[in-house]
Amino acid sequence: MSTTTEHTFVSATAQSFAQDVIEASRSRLVLVDFWAAWCGPCKALARVLDQVAEESGEEVAIVKVDVDAEDALAAAFNIRSLPTLVLFSDGKEIDRIVGLVGPQYITSHLDKALPPAAA
């Protein structure tokens, strides 16, 4: 029987977003999960993100934004559907995934964004 580690992700607010996401993305990829408590697919995606966090280790930070509590952030990033994942690097949005997807789909997007390993 396998055990799954449940990760505790940073929850960003309008006040902490610049530090938690923009500044953090200057040293590693940051994947932001825009979600809501009432969203069934968001709950399912949380389990997928645990798996992605386990596989990506320290290369990627996962940050959660509750769109009900942080509606200004959701509006600022034009979030129209939940769940939405937004990937940041060097302080800018570089990719977006909308809807419930599997870990391999997310990992393929992360792999494209990660710098090649040093030879």
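**Helix 2**

I looked up the buried residues of helix 2 in this predicted model and found Cys-42, Ala-44, Leu-45, Val-48, Leu-49, Asp-50, Val-52, Ala-53 and Ser-56. Buried means under 20% relative accessible area, exposed over 50%, and partly exposed in between, with a 1.4 Å probe and protein chains only. Helices (H or I, at least four residues) and strands (E, at least two) are DSSP runs, numbered from the N terminus.

I then checked what these buried residues pack against: strand 2, strand 3, strand 4 and helix 4 (103-113). Contact means heavy atoms within 4.5 Å.

I compared the length of helix 2 with expectation. Its 17 residues should span 24 Å at 1.5 Å a residue, and the end C-alpha atoms lie 25 Å apart, which agrees. The expected span is 1.5 Å times one less than the number of residues. Gly-57 follows helix 2 and has a positive phi, near 60 degrees.

**Basis of the entries**

I number residues from 1 along each chain as its sequence is written. For this predicted model, local features need pLDDT of at least 70 and side-chain atom pairs count only at pLDDT 80 or more, while totals for chains, interfaces and linings use all residues; side-chain values use heavy atoms, with hydrogens and water left out.

I went to strand 2 (residues 29-35) next. Six of its seven residues are buried, so strand 2 is largely enclosed by the rest of the structure.

I looked for its pairings, where two strands pair if DSSP finds at least two bridges between them. Strand 3 (residues 60-66) runs parallel to strand 2 and is joined to it by seven bridges. In this pairing I located Val-30 opposite Ala-61 of strand 3. Strand 4 (residues 84-89) runs antiparallel to strand 2, with five bridges between them. Here Asp-33 has Leu-85 as its bridge partner.

**Whole chain**

I counted four helices and five strands. Along the sequence they follow the pattern β-α-β-α-β-α-β-β-α. The radius of gyration is 14 Å, close to the 14 Å that the globule rule gives for 119 residues, so the chain is as compact as a globular protein of that length. The radius is taken over C-alpha atoms, and the rule is 2.2 Å times the number of residues to the power 0.38.

Of the 119 residues, 44% count as buried. Among contacts between residues at least 6 apart in sequence, 70% join residues at least 24 apart.

**Backbone exceptions**

Most residues other than glycine have a negative phi, and most peptide bonds are trans. I noted the following exceptions.

The peptide bond joining Leu-82 and Pro-83 is cis, with omega about -10 degrees. Pro-83 sits in the loop between helix 3 (71-76) and strand 4. I found Asn-78 in the loop between helix 3 and strand 4 as well. Asn-78 is not a glycine, yet its phi is positive, near 55 degrees. At 42% relative accessibility, Asn-78 counts as partly exposed.

Asp-90 also has a positive phi, of about 50 degrees, without being a glycine. I placed Asp-90 in the loop between strand 4 and strand 5 (92-98). Its relative accessible area is 46%, so Asp-90 is partly exposed.
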